[in-house]
Amino acid sequence: MDDMNWTRPNWRCDTEQSDYSPEETLVYDDDVKADTDHLYERVKDVILPEEWPAHAPLIAAINRLKKERRAIILAHNYMTPEIFNCVGDLSGDSLALARMAADVEEDIIVQAGVHFMAETAKIMCPDKTVLIPDMRAGCSLAESITGEDVAAIKAKYPDYPIVTYVNTSAAVKAESDVCCTSGNAVQVTEWAAKEWGTDTVILIPDEFLARNVAANTDVRILTWKGACEVHERFTAEDVEVLREGHPGVVVLTHPESPVDVVKAADYAGSTAGMAAYVKNKQPAKVVLLTECSMSDNVAVENPSVKFVRPCNLCPHMKRITLRNIYDALRYNRHEIEVDETIAARARVSIQRMLDLPKPDSPAQFDKDRAPVDVELV
Ligand code: 13P
Ligand code: SF4
(Lines give C-alpha, C1' and ligand atoms only; values in the text may rest on other atoms or scores of the structure.)
(Ligands and ions follow the chains in the order given, each with its own letter.)
Protein backbone atom coordinates (compact mmCIF):
# COMPACT_ATOMS: atom_id res chain seq x y z
CA MET A 1 0.00 0.00 0.00
CA ASP A 2 1.32 3.45 -0.81
CA ASP A 3 0.58 5.43 2.30
CA MET A 4 -1.10 4.37 5.47
CA ASN A 5 -1.64 8.03 6.47
CA TRP A 6 -4.19 8.84 3.85
CA THR A 7 -4.41 12.27 2.30
CA ARG A 8 -6.60 13.14 -0.65
CA PRO A 9 -4.59 12.27 -3.78
CA ASN A 10 -4.20 15.10 -6.25
CA TRP A 11 -6.01 13.63 -9.24
CA ARG A 12 -8.46 16.45 -9.85
CA CYS A 13 -8.01 18.37 -13.05
CA ASP A 14 -11.29 20.08 -13.77
CA THR A 15 -9.67 23.46 -13.82
CA GLU A 16 -7.39 22.31 -16.65
CA GLN A 17 -8.01 23.62 -20.12
CA SER A 18 -10.13 21.47 -22.41
CA ASP A 19 -8.32 19.87 -25.37
CA TYR A 20 -10.95 21.53 -27.54
CA SER A 21 -12.02 25.15 -27.47
CA PRO A 22 -15.36 25.45 -25.76
CA GLU A 23 -17.30 28.41 -27.06
CA GLU A 24 -19.16 28.73 -23.79
CA THR A 25 -17.53 30.14 -20.70
CA LEU A 26 -18.22 28.10 -17.61
CA VAL A 27 -18.37 30.18 -14.45
CA TYR A 28 -19.74 29.71 -10.97
CA ASP A 29 -22.51 32.32 -11.04
CA ASP A 30 -25.86 32.59 -9.24
CA ASP A 31 -27.67 30.45 -11.83
CA VAL A 32 -25.11 27.64 -11.54
CA LYS A 33 -25.25 27.89 -7.76
CA ALA A 34 -29.06 27.63 -7.80
CA ASP A 35 -28.86 24.61 -10.15
CA THR A 36 -26.24 22.76 -8.13
CA ASP A 37 -26.66 23.62 -4.42
CA HIS A 38 -28.78 20.50 -3.82
CA LEU A 39 -25.97 18.37 -5.33
CA TYR A 40 -23.35 19.93 -3.09
CA GLU A 41 -25.53 19.15 -0.10
CA ARG A 42 -25.20 15.47 -1.08
CA VAL A 43 -21.40 15.45 -1.38
CA LYS A 44 -20.43 18.10 1.17
CA ASP A 45 -18.71 15.56 3.45
CA VAL A 46 -16.35 14.37 0.70
CA ILE A 47 -15.76 17.51 -1.44
CA LEU A 48 -14.24 20.61 0.13
CA PRO A 49 -16.24 23.86 -0.25
CA GLU A 50 -13.18 25.44 -1.94
CA GLU A 51 -13.29 22.76 -4.64
CA TRP A 52 -16.98 23.10 -5.45
CA PRO A 53 -16.83 26.30 -7.58
CA ALA A 54 -14.51 24.45 -9.99
CA HIS A 55 -16.91 21.49 -10.29
CA ALA A 56 -20.32 23.17 -10.23
CA PRO A 57 -20.27 24.96 -13.66
CA LEU A 58 -19.22 21.71 -15.39
CA ILE A 59 -21.86 19.73 -13.49
CA ALA A 60 -24.59 22.18 -14.50
CA ALA A 61 -23.41 22.16 -18.14
CA ILE A 62 -23.17 18.34 -18.29
CA ASN A 63 -26.65 17.89 -16.82
CA ARG A 64 -28.03 20.36 -19.39
CA LEU A 65 -26.20 18.69 -22.29
CA LYS A 66 -27.48 15.25 -21.25
CA LYS A 67 -31.06 16.43 -21.65
CA GLU A 68 -30.40 18.23 -24.94
CA ARG A 69 -28.62 15.23 -26.47
CA ARG A 70 -30.79 12.43 -24.97
CA ALA A 71 -27.72 11.01 -23.30
CA ILE A 72 -27.20 8.94 -20.17
CA ILE A 73 -24.07 8.63 -18.05
CA LEU A 74 -23.20 5.20 -16.64
CA ALA A 75 -20.82 5.65 -13.72
CA HIS A 76 -18.65 2.94 -12.18
CA ASN A 77 -18.25 2.84 -8.39
CA TYR A 78 -14.61 4.04 -8.77
CA MET A 79 -15.54 7.41 -10.29
CA THR A 80 -14.67 10.49 -8.22
CA PRO A 81 -17.60 11.66 -6.05
CA GLU A 82 -18.45 14.72 -8.16
CA ILE A 83 -18.90 12.45 -11.19
CA PHE A 84 -20.54 9.53 -9.36
CA ASN A 85 -23.00 11.62 -7.34
CA CYS A 86 -23.56 14.73 -9.44
CA VAL A 87 -23.68 13.69 -13.13
CA GLY A 88 -23.91 9.86 -13.12
CA ASP A 89 -27.45 8.65 -13.95
CA LEU A 90 -26.94 4.94 -13.30
CA SER A 91 -24.11 3.52 -11.26
CA GLY A 92 -22.79 0.23 -9.98
CA ASP A 93 -20.21 -2.53 -10.42
CA SER A 94 -19.21 -3.99 -13.79
CA LEU A 95 -22.04 -6.52 -13.72
CA ALA A 96 -24.71 -3.92 -12.98
CA LEU A 97 -23.30 -1.59 -15.65
CA ALA A 98 -23.38 -4.39 -18.26
CA ARG A 99 -27.01 -5.17 -17.35
CA MET A 100 -27.99 -1.49 -17.41
CA ALA A 101 -26.27 -0.86 -20.74
CA ALA A 102 -28.35 -3.61 -22.34
CA ASP A 103 -31.57 -1.78 -21.32
CA VAL A 104 -30.68 1.86 -22.07
CA GLU A 105 -33.31 3.84 -23.98
CA GLU A 106 -31.38 7.07 -24.55
CA ASP A 107 -29.53 7.65 -27.87
CA ILE A 108 -26.11 8.23 -26.32
CA ILE A 109 -24.31 6.39 -23.53
CA VAL A 110 -21.35 8.14 -21.91
CA GLN A 111 -19.30 5.57 -20.02
CA ALA A 112 -17.78 7.10 -16.91
CA GLY A 113 -15.50 4.14 -16.40
CA VAL A 114 -12.81 2.35 -18.35
CA HIS A 115 -12.59 1.24 -21.98
CA PHE A 116 -13.72 -2.37 -21.52
CA MET A 117 -16.92 -1.11 -19.85
CA ALA A 118 -17.66 1.22 -22.78
CA GLU A 119 -16.90 -1.59 -25.24
CA THR A 120 -19.28 -3.91 -23.37
CA ALA A 121 -21.98 -1.22 -23.59
CA LYS A 122 -21.39 -0.86 -27.35
CA ILE A 123 -21.49 -4.65 -27.88
CA MET A 124 -24.82 -4.83 -26.04
CA CYS A 125 -26.26 -1.73 -27.78
CA PRO A 126 -24.73 -1.64 -31.27
CA ASP A 127 -27.25 0.95 -32.46
CA LYS A 128 -26.43 3.49 -29.75
CA THR A 129 -23.63 6.01 -29.73
CA VAL A 130 -21.27 5.00 -26.92
CA LEU A 131 -18.72 7.58 -25.82
CA ILE A 132 -15.74 7.29 -23.51
CA PRO A 133 -14.33 10.62 -22.31
CA ASP A 134 -10.72 9.42 -22.56
CA MET A 135 -9.67 6.57 -24.86
CA ARG A 136 -6.61 5.95 -22.69
CA ALA A 137 -8.75 4.77 -19.76
CA GLY A 138 -7.60 1.15 -20.00
CA CYS A 139 -7.08 -1.66 -17.50
CA SER A 140 -4.00 -3.76 -16.65
CA LEU A 141 -6.11 -6.92 -16.85
CA ALA A 142 -7.45 -6.10 -20.31
CA GLU A 143 -3.86 -5.36 -21.41
CA SER A 144 -2.60 -8.72 -20.15
CA ILE A 145 -4.20 -10.93 -22.81
CA THR A 146 -5.16 -10.83 -26.51
CA GLY A 147 -7.70 -12.63 -28.64
CA GLU A 148 -4.83 -14.64 -30.19
CA ASP A 149 -3.75 -15.77 -26.70
CA VAL A 150 -7.27 -17.06 -26.00
CA ALA A 151 -7.45 -18.84 -29.37
CA ALA A 152 -4.15 -20.58 -28.52
CA ILE A 153 -5.51 -21.62 -25.09
CA LYS A 154 -8.63 -22.99 -26.77
CA ALA A 155 -6.51 -25.01 -29.22
CA LYS A 156 -4.50 -26.45 -26.33
CA TYR A 157 -7.52 -27.27 -24.09
CA PRO A 158 -10.42 -27.86 -26.51
CA ASP A 159 -12.61 -29.63 -23.92
CA TYR A 160 -12.61 -26.99 -21.20
CA PRO A 161 -14.91 -23.96 -21.26
CA ILE A 162 -13.20 -20.57 -21.24
CA VAL A 163 -14.67 -18.13 -18.73
CA THR A 164 -13.36 -14.62 -19.28
CA TYR A 165 -13.51 -11.73 -16.86
CA VAL A 166 -15.33 -8.73 -18.39
CA ASN A 167 -12.15 -6.70 -17.83
CA THR A 168 -10.98 -7.73 -21.32
CA SER A 169 -11.18 -6.54 -24.90
CA ALA A 170 -13.99 -7.41 -27.30
CA ALA A 171 -11.54 -9.66 -29.21
CA VAL A 172 -10.86 -11.68 -26.04
CA LYS A 173 -14.57 -11.96 -25.25
CA ALA A 174 -15.18 -13.11 -28.84
CA GLU A 175 -12.80 -16.07 -28.38
CA SER A 176 -14.36 -16.99 -25.01
CA ASP A 177 -17.36 -19.13 -24.07
CA VAL A 178 -18.85 -16.97 -21.34
CA CYS A 179 -17.98 -13.82 -19.40
CA CYS A 180 -18.02 -13.23 -15.67
CA THR A 181 -17.45 -10.35 -13.28
CA SER A 182 -16.29 -10.31 -9.67
CA GLY A 183 -19.99 -10.28 -8.73
CA ASN A 184 -20.74 -13.69 -10.29
CA ALA A 185 -17.39 -15.44 -10.99
CA VAL A 186 -18.14 -18.51 -8.82
CA GLN A 187 -21.68 -18.82 -10.21
CA VAL A 188 -20.48 -18.58 -13.84
CA THR A 189 -17.57 -21.00 -13.25
CA GLU A 190 -19.89 -23.63 -11.77
CA TRP A 191 -22.46 -23.09 -14.52
CA ALA A 192 -19.79 -23.52 -17.22
CA ALA A 193 -18.43 -26.74 -15.65
CA LYS A 194 -21.96 -28.19 -15.56
CA GLU A 195 -22.93 -26.98 -19.04
CA TRP A 196 -19.74 -28.34 -20.66
CA GLY A 197 -19.79 -31.49 -18.46
CA THR A 198 -16.20 -30.98 -17.23
CA ASP A 199 -14.44 -30.86 -13.87
CA THR A 200 -12.14 -28.07 -15.10
CA VAL A 201 -12.76 -24.49 -16.21
CA ILE A 202 -10.30 -21.99 -17.66
CA LEU A 203 -10.86 -18.70 -15.83
CA ILE A 204 -8.80 -15.84 -17.29
CA PRO A 205 -7.00 -13.43 -17.20
CA ASP A 206 -6.90 -12.48 -13.47
CA GLU A 207 -4.73 -14.93 -11.55
CA PHE A 208 -5.88 -13.63 -8.15
CA LEU A 209 -9.58 -13.70 -9.00
CA ALA A 210 -9.06 -17.26 -10.27
CA ARG A 211 -7.30 -18.29 -7.06
CA ASN A 212 -10.06 -16.73 -4.96
CA VAL A 213 -12.73 -18.49 -7.04
CA ALA A 214 -10.83 -21.78 -6.78
CA ALA A 215 -10.97 -21.52 -2.98
CA ASN A 216 -14.76 -21.18 -3.24
CA THR A 217 -15.67 -24.04 -5.58
CA ASP A 218 -14.89 -27.70 -6.19
CA VAL A 219 -14.31 -26.97 -9.89
CA ARG A 220 -10.64 -27.22 -10.92
CA ILE A 221 -9.40 -23.90 -12.31
CA LEU A 222 -6.69 -23.08 -14.82
CA THR A 223 -5.77 -19.44 -15.22
CA TRP A 224 -3.54 -16.76 -16.78
CA LYS A 225 -0.94 -14.53 -15.23
CA GLY A 226 -2.82 -11.22 -15.36
CA ALA A 227 -3.39 -8.91 -12.39
CA CYS A 228 -5.13 -5.69 -11.46
CA GLU A 229 -2.42 -3.13 -10.83
CA VAL A 230 -4.52 -1.59 -8.04
CA HIS A 231 -5.43 -4.69 -6.02
CA GLU A 232 -2.27 -6.77 -6.51
CA ARG A 233 -0.40 -4.23 -4.35
CA PHE A 234 -2.37 -4.90 -1.14
CA THR A 235 -0.73 -7.33 1.27
CA ALA A 236 -1.84 -9.34 4.31
CA GLU A 237 0.62 -7.23 6.29
CA ASP A 238 -1.35 -4.08 5.32
CA VAL A 239 -4.41 -5.69 6.90
CA GLU A 240 -2.47 -6.53 10.06
CA VAL A 241 -1.12 -2.96 10.35
CA LEU A 242 -4.61 -1.54 9.84
CA ARG A 243 -6.08 -3.75 12.54
CA GLU A 244 -3.32 -2.74 14.97
CA GLY A 245 -3.66 0.97 14.16
CA HIS A 246 -7.47 1.01 14.14
CA PRO A 247 -8.79 -1.51 16.66
CA GLY A 248 -12.20 -2.87 15.68
CA VAL A 249 -11.93 -1.76 12.04
CA VAL A 250 -13.83 -3.96 9.57
CA VAL A 251 -11.70 -4.73 6.51
CA LEU A 252 -13.37 -5.19 3.12
CA THR A 253 -11.57 -6.01 -0.10
CA HIS A 254 -12.05 -7.09 -3.69
CA PRO A 255 -11.40 -10.61 -5.06
CA GLU A 256 -8.78 -9.16 -7.44
CA SER A 257 -6.58 -8.95 -4.32
CA PRO A 258 -4.14 -11.75 -3.44
CA VAL A 259 -5.62 -14.76 -1.62
CA ASP A 260 -3.89 -13.98 1.70
CA VAL A 261 -5.40 -10.46 1.65
CA VAL A 262 -8.88 -11.93 1.09
CA LYS A 263 -8.26 -14.40 3.92
CA ALA A 264 -7.08 -11.64 6.27
CA ALA A 265 -10.07 -9.38 5.45
CA ASP A 266 -13.55 -9.64 6.96
CA TYR A 267 -15.30 -9.65 3.59
CA ALA A 268 -14.37 -9.83 -0.09
CA GLY A 269 -16.74 -9.08 -2.94
CA SER A 270 -17.35 -6.92 -5.96
CA THR A 271 -17.50 -3.15 -5.59
CA ALA A 272 -21.30 -3.47 -5.29
CA GLY A 273 -20.80 -6.22 -2.70
CA MET A 274 -18.58 -3.95 -0.58
CA ALA A 275 -21.09 -1.08 -0.82
CA ALA A 276 -23.96 -3.41 0.18
CA TYR A 277 -21.95 -4.77 3.12
CA VAL A 278 -21.46 -1.25 4.55
CA LYS A 279 -25.09 -0.28 3.92
CA ASN A 280 -26.53 -3.41 5.53
CA LYS A 281 -24.11 -3.88 8.44
CA GLN A 282 -23.30 -0.22 9.27
CA PRO A 283 -19.92 -1.06 10.87
CA ALA A 284 -18.66 1.67 13.23
CA LYS A 285 -15.30 1.78 11.42
CA VAL A 286 -14.47 0.33 8.03
CA VAL A 287 -11.63 0.26 5.51
CA LEU A 288 -12.23 -0.54 1.84
CA LEU A 289 -8.99 -2.03 0.52
CA THR A 290 -9.71 -1.10 -3.06
CA GLU A 291 -9.65 1.93 -5.38
CA CYS A 292 -9.65 5.28 -3.55
CA SER A 293 -12.93 6.79 -4.74
CA MET A 294 -15.03 3.88 -3.42
CA SER A 295 -14.76 5.16 0.15
CA ASP A 296 -15.97 8.64 -0.81
CA ASN A 297 -18.95 7.26 -2.70
CA VAL A 298 -19.93 4.74 -0.02
CA ALA A 299 -19.42 7.43 2.68
CA VAL A 300 -22.00 9.68 0.97
CA GLU A 301 -24.62 6.95 1.50
CA ASN A 302 -23.49 6.03 5.03
CA PRO A 303 -22.83 9.22 7.01
CA SER A 304 -22.58 7.49 10.40
CA VAL A 305 -19.83 5.03 9.33
CA LYS A 306 -16.22 6.11 9.93
CA PHE A 307 -13.92 5.35 6.98
CA VAL A 308 -10.23 4.59 7.45
CA ARG A 309 -8.68 5.65 4.15
CA PRO A 310 -5.75 3.60 2.86
CA CYS A 311 -6.42 2.81 -0.76
CA ASN A 312 -4.70 2.58 -4.15
CA LEU A 313 -5.53 4.78 -7.13
CA CYS A 314 -6.50 3.31 -10.49
CA PRO A 315 -4.76 5.62 -12.99
CA HIS A 316 -7.15 4.47 -15.72
CA MET A 317 -10.36 5.26 -13.82
CA LYS A 318 -8.84 8.60 -12.81
CA ARG A 319 -8.50 9.63 -16.48
CA ILE A 320 -12.24 10.35 -16.45
CA THR A 321 -12.98 13.89 -15.26
CA LEU A 322 -15.93 16.28 -15.36
CA ARG A 323 -14.01 18.26 -17.98
CA ASN A 324 -13.65 15.38 -20.43
CA ILE A 325 -17.24 14.18 -19.80
CA TYR A 326 -18.33 17.69 -20.78
CA ASP A 327 -16.13 17.51 -23.91
CA ALA A 328 -17.51 14.05 -24.72
CA LEU A 329 -21.09 15.35 -24.70
CA ARG A 330 -20.29 18.58 -26.47
CA TYR A 331 -18.01 17.22 -29.21
CA ASN A 332 -19.19 13.59 -29.41
CA ARG A 333 -15.76 12.41 -28.28
CA HIS A 334 -14.62 9.60 -28.21
CA GLU A 335 -16.87 7.18 -30.01
CA ILE A 336 -16.45 3.45 -29.36
CA GLU A 337 -16.52 1.25 -32.46
CA VAL A 338 -16.43 -2.56 -32.40
CA ASP A 339 -16.11 -4.64 -35.56
CA GLU A 340 -19.54 -6.30 -35.97
CA THR A 341 -18.10 -9.81 -36.55
CA ILE A 342 -16.16 -9.59 -33.29
CA ALA A 343 -19.05 -7.89 -31.49
CA ALA A 344 -21.51 -10.65 -32.50
CA ARG A 345 -19.26 -13.34 -30.98
CA ALA A 346 -18.45 -11.27 -27.88
CA ARG A 347 -22.17 -10.63 -27.38
CA VAL A 348 -22.80 -14.38 -27.02
CA SER A 349 -20.28 -14.56 -24.14
CA ILE A 350 -21.74 -11.52 -22.39
CA GLN A 351 -25.36 -12.58 -22.96
CA ARG A 352 -24.72 -16.05 -21.52
CA MET A 353 -23.57 -14.34 -18.33
CA LEU A 354 -26.55 -11.95 -18.26
CA ASP A 355 -28.98 -14.83 -18.82
CA LEU A 356 -27.91 -16.59 -15.61
CA PRO A 357 -30.28 -16.05 -12.67
CA LYS A 358 -29.61 -12.76 -10.92
CA PRO A 359 -28.39 -13.53 -7.37
CA ASP A 360 -30.41 -11.94 -4.50
CA SER A 361 -27.22 -10.37 -3.17
CA PRO A 362 -23.70 -9.91 -4.65
CA ALA A 363 -21.49 -12.99 -4.33
CA GLN A 364 -19.33 -13.18 -1.22
CA PHE A 365 -15.95 -14.90 -1.17
CA ASP A 366 -15.72 -17.25 1.79
CA LYS A 367 -12.43 -16.30 3.40
CA ASP A 368 -12.34 -19.38 5.62
CA ARG A 369 -12.04 -21.91 2.78
CA ALA A 370 -8.53 -23.26 2.28
CA PRO A 371 -6.59 -21.99 -0.78
CA VAL A 372 -6.21 -24.63 -3.48
CA ASP A 373 -3.62 -25.12 -6.15
CA VAL A 374 -4.32 -23.28 -9.42
CA GLU A 375 -2.26 -23.92 -12.56
CA LEU A 376 -1.44 -21.39 -15.23
CA VAL A 377 -2.38 -22.30 -18.80
P1 13P B 1 -16.34 -4.57 -10.08
O2 13P B 1 -16.93 -5.43 -11.12
O3 13P B 1 -16.33 -5.23 -8.74
O4 13P B 1 -17.00 -3.24 -10.05
O5 13P B 1 -14.81 -4.35 -10.40
C6 13P B 1 -14.37 -3.65 -11.53
C7 13P B 1 -12.98 -3.29 -11.42
O8 13P B 1 -12.40 -2.71 -12.29
C9 13P B 1 -12.35 -3.67 -10.17
O10 13P B 1 -11.07 -3.33 -10.11
FE1 SF4 C 1 -8.44 -2.52 -14.20
FE2 SF4 C 1 -7.77 -2.67 -11.67
FE3 SF4 C 1 -8.25 -0.29 -12.72
FE4 SF4 C 1 -10.25 -2.03 -12.29
S5 SF4 C 1 -9.00 -1.05 -10.76
S6 SF4 C 1 -9.89 -0.84 -14.14
S7 SF4 C 1 -9.23 -3.99 -12.71
S8 SF4 C 1 -6.59 -1.69 -13.31
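Predicted model: local features only at pLDDT ≥ 70, side-chain atom pairs only at ≥ 80, totals over all residues.
Move to ligand 2. Its surroundings consist of 13 residues, with Cys-139, Ser-140, Cys-228, Val-230 and Cys-314 the closest. How does the shell around ligand 2 divide by class? Seven of its residues are nonpolar, three are polar and three are charged.

Now show the whole chain as a cartoon. The protein has 16 helices and 13 strands. Its radius of gyration is 21 Å, close to the 21 Å given by the globule rule for 377 residues, so the protein is as compact as a globular protein of that length. Turn the view along the principal axes: the C-alpha trace spans about 65 × 55 × 30 Å. Of the 377 residues, 53% count as buried. Contacts can be viewed by separation too: among those between residues at least 6 apart in sequence, 70% join residues at least 24 apart.

Next, colour by domain. Domain 1 takes in 30–138 + 316–331, domain 2 takes in 141–226 + 339–361, and domain 3 is 231–308. Keep domain 1 and domain 3 on screen; their centres, taken over C-alpha atoms, are separated by 25 Å. Between these two domains, 16 residues of domain 1 are in contact with 12 residues of domain 3. Which elements give two or more residues to the side of domain 1 that touches domain 3? They are α1 (30–43), α3 (81–86) and α4 (94–102). Select α3 on that side: it supplies three residues, the largest share. By class, the side of domain 1 that touches domain 3 has nine nonpolar, four polar and three charged residues.

The remaining stops are about the backbone. Select Ile-204 and Pro-205 and show the peptide bond that runs from one to the other: the bond is cis, with omega near 0 degrees. Pro-205 sits in a loop, with β7 (200–204) on one side and α10 (207–214) on the other.

Go on to Arg-333 and His-334, which are also joined by a cis peptide bond, here with omega about -15 degrees. Where is His-334? The loop between α15 (322–331) and α16 (340–355) holds it.

Stay in that part of the chain and select Asn-332, which is found in the loop between α15 and α16. Asn-332 is not a glycine, yet its phi is positive, about 60 degrees. Is Asn-332 buried or partly exposed? Asn-332 counts as partly exposed, because it has 13 C-beta neighbours inside 10 Å.

For the last stop, select Gln-282, in the loop between α13 (271–281) and β11 (285–289). Gln-282 has a positive phi as well, about 45 degrees, although it is not a glycine.

How values were computed. Residues numbered from 1 in each chain as written. Chains lettered and ligands numbered in written order. Helix = DSSP H or I, 4+ residues; strand = E, 2+ residues; numbered from the N terminus. Buried ≥ 20, exposed ≤ 12 C-beta atoms within 10 Å, placed from the backbone. Domains from an automatic or database assignment. Contact = placed C-beta atoms within 7 Å. Nonpolar A, V, L, I, M, F, W, Y, C, P; charged D, E, K, R; others polar. Rg over C-alpha atoms; globule rule 2.2 N^0.38 Å. Near = placed C-beta within 6 Å.
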